[in-house]
Every structure is written in C-alpha cells, then in structure tokens.
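I have one structure to go through, and I will keep to what can be computed from its coordinates.

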Amino acid sequence: RGGAMAYDDTAFRQQSDDQTDGDPAAYRNGFAAADYRSRRRDLDPADGARHAEVTADLGGRTGDGRDRLGVHLGWEIVLLLGVAAIGYLLYRLDPASLKRPALDTLLVAAAAIGLLTLGMGVTLRAGVPNLAIGPITLAAELHYAENGDLGLVKSGLPALVIAAAGGLVIAVLILALHVPGWAATLGAGLGVIVYDQLRTAPVIVQGDYDPTDYATYIFGGFAVLAVLGGLLGTVGVVRRWLGRMRPDGDAAVRRGGAPALPVIGSLVLSSVFATVAGILMAAQSVKAIVPTTGLEWTGIALGTALVAGTSAYGRRGGVFGTLLAVAGMTLFLDYSYRRNFDIALFAIAACAIGGGLIITRLVETYGKQLPLTLLDAAENAAASTGSSRQPDIWERATAAPPRSDRWDAGPWSGAR
C-alpha cells in the first residue's frame, strides 16, 4: 500500500460515511451533511424539540410559508362576472334602481354590509371570528334609534366606546384562557342579545341625520379600507403576523404573547365597524327597529367574508374579494326585494356560508406552496437540465450494500 490510503480502507470509508451522513446523494449532489440531517430531525426527539422551540420563537409553524395568490385572483374574476350578472338583472328589472336617489340608498346599504364583512374578515384572518357582530349591530341600531335626536356625535360616540371596550374584554379573555375565538364571541353575542331584547316593542328612529347625502363618500371610504386591507394582506410578514392564532398542532398549547396585538386589534376594530354599520342602518331606515337577535347579520357577514375568499381557518385572503362580494350581496338583496322573492336573511346567510366553505377548501388546497425536499429539488433540477449521465465508479461504489468486514465474516466466519 506504500503509505497511500486505498479507497476501500476502513478509515477512509468511515470518513466518507461521516461526511455524507449515510446518504450518498448528499455527497453526490453537493449538499452538506447538516442539510441532510435537518431533513431527519424527526428521528431525534431532542433535535425535534429544539426545532419546535426555534419555530415558536420565530412565530412560525410548519404550515407557514409563502402563499400563492393565483387562486384568489382566479376566484375574484368569477366574483366580478357574478356581480356584473346580478347588476344586469337588476337593471333589466328596474333601471331606476341604479340611478339616484335609489343608488344613494344602495351605496349606504353596501357600506353597512361592507363594514360588517370587513369586521368579520379581519377577525377570520386573525383566527378569532367575531360572531357577536350581528347582535352588536342591532344594539347600535336600537341605541341610535333611541338617542338620535341628540345628534350623530353625542349618540354615536358612547356606542363606539362601549363596543371597543367590549371587544377589548373579549380579546383579553381569549388570550388569558387561550380559548377559541368563536366560542368566546358567541357567548358575548348572546349577552348583547339580552340587552337588545330588553325592549318590548319596536323603536322609532329619532333624529334627522340622513347618510344618503354622503353616500358616495361613505361607500368610497369602505372601498378604500377593503382594498387597502387586501393589499396589506398580500405581504407575507403582515399575513403571518395577523394569523398567529390560526389553528395548528395541539389546540391547548399557548401561542405566547405574540398574538396579543392582532387578536385585540381585530376584535376591537370589528366591534367598532359593527357599531358604525348599525348606525348607518338605523339612520336610513324608514321603519321602526325591531328588537330581535341580530344573528342574521352575523350570518350575512360571515357568509360574505367567506365568499370573498377569506379562509375560515384564518390568515389567507384575497385583495378585491371583499369589495366584490359585498357588491354582489347588496345587489342580490335589492334584486330579491324588488322581485318579491321574500327570502329570509337567515336563508341567504346559510347559502352564503355553505358556498363560502367550499371556497375555503379551494383556498386552502391551492393557496399554499407544494413542499419539496432537498432531493426532490435536486432531481427536478437535473430533469430540467436534461442530464442523463450514468453513475460513475465512485457513485456505484458508494451506493453498494453495507460492508461486511466484521471479524466473524469472511474465511474466519463460523459458518464456513
């Protein structure tokens, strides 16, 4: 051997095995042993635990990654075609419905429904859907109907403060107990219904504020909020920051303090949006406000938000979906009213939620990147270059079966 180390020398083979970590492809494709070990982290409980700690510190989970917006854009094209179709049917039925003054009323109604949808959408993305939105809206309607003669500011400001405080309390409860947002907000909504039903008769609206005088500005403000929120949601950092409460892994494991701001902000904002929507509804109402439950508006908001492309699991959503879904819902409600379809809001909400759940399945299925392992990526790269070379002597040798240089093998084996 002359001092030279032969290829089949035991020490050399051991060194080669250590370098490739038992994986010939790691050496063959130029990957470091550390990269290959990272793919086998689950084989070592200690490494898996350390990986989980690092993941938690970074605020990410196994499902976090770059989302694909193609499915959202495709669905928004379908929504646009649907809105155009409903608008055409409405125009064919009554051309005056899309002209002033009827158009002003339609714009204010769209803004009110839009604020409810925005509130539901932001809480869905944050993983804490606010099911109290409907009862809060009805409470705001009743409050303004009783106090509207004091003026818009004096009657509306206390309602906004109470709604924001209520959203803050529920958010703290969710964070402190680490309970599902839908359960906590549903309980809060039932409490608000008790307040709503303290009235024993419909309440006639007091005051003379008419939001239709500012219909264009009101609807424009909602449209800006909807599109701006959608654009912010396309930023990966913002999306993952907002969706930290998205269900993943063991539901009993606390998320720490990272989700506090998104949860508090989304619940407070949604409660304020619901209050403003209720004031708009009451201010343009020509009928007395009936003290029911308000849950039909929760259903409308949830269904419209889901149809808009917001995932029921949280985090994922589109850009123009909320604006288009709200426009479609508003036009359909006006069309059904003019056609005397007499469809209950609960029925419309149920259908919207059913369709929205299908959209959620599509969004979750096609809105995520397909995971690739290191070797898959290498094989794809080799296929793309058209490489068809055969393994050389080195590769065939490293791919050989495990060595059999044990003392009990060979001519000294007891089996011989």
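Predicted model: local features only at pLDDT ≥ 70, side-chain atom pairs only at ≥ 80, totals over all residues.

I will start with the whole protein and then go through a few individual sites.

On the overall picture, the protein has 17 helices and zero strands. It has 416 residues, of which 39% count as buried. The exposed surface comes to about 22,600 Å², with carbon and sulfur atoms supplying 65% of that area. As for contacts, take those with a sequence separation of 6 or more: 81% of them are between residues 24 or more positions apart.

Is Asp104 buried or exposed? Its relative accessibility is 8%, and the cut-off for buried is under 20%, so Asp104 counts as buried. In the chain, Asp104 belongs to helix α6, which covers residues 102–125. Which residues does Asp104 touch, leaving aside those up to four places away in sequence? The answer is Thr212 and Ala215.

Next, the surface. There is a nonpolar patch made up of Val224, Leu228, Leu232, Val235, Val237, Val238, Trp241 and Leu261. Together these residues have about 710 Å² of accessible area. Which helices each supply at least two residues of the patch? They are α10, residues 215–233, and α11, residues 236–242.

Take Val238 as one member of that patch. Val238 sits in helix α11.

On to the rings. How many aromatic pairs does a search of the whole structure find? It finds two. One of the pairs is Tyr335 with Phe341, in an edge-to-face arrangement. The ring centres are 5.9 Å apart and the planes are at 75° to each other. Edge-to-face requires an angle over 60 degrees, so 75° places this pair in that class.

The two partners can also be described by their accessibility. Tyr335 has a relative accessible area of 11% and is therefore buried. Phe341, at 37%, counts as partly exposed.

Arg199 lies over the face of Tyr195, at 4.3 Å from the ring centre.

That is the end of the list, and I can take questions now.

Key
Residues numbered from 1 in each chain as written. Heavy atoms only, no water. Helix = DSSP H or I, 4+ residues; strand = E, 2+ residues; numbered from the N terminus. Buried < 20%, exposed > 50% of the residue type's maximum accessible area, 1.4 Å probe, protein only. Contact = heavy atoms within 4.5 Å. Patch = residues over 30% accessible without salt bridge, like charges linked within 9 Å, V, L, I, M, F, W, Y side chains within 5 Å. Areas by Shrake-Rupley, 256 points an atom, 1.4 Å probe, with all protein chains shown as cover. Salt bridge = Lys/Arg side-chain N within 4 Å of Asp/Glu carboxyl O. Phe/Tyr/Trp six-rings, centres within 6.5 Å; stacked < 30°, edge-to-face > 60°. Lys NZ or Arg CZ within 6 Å of the ring centre and 35° of its normal.
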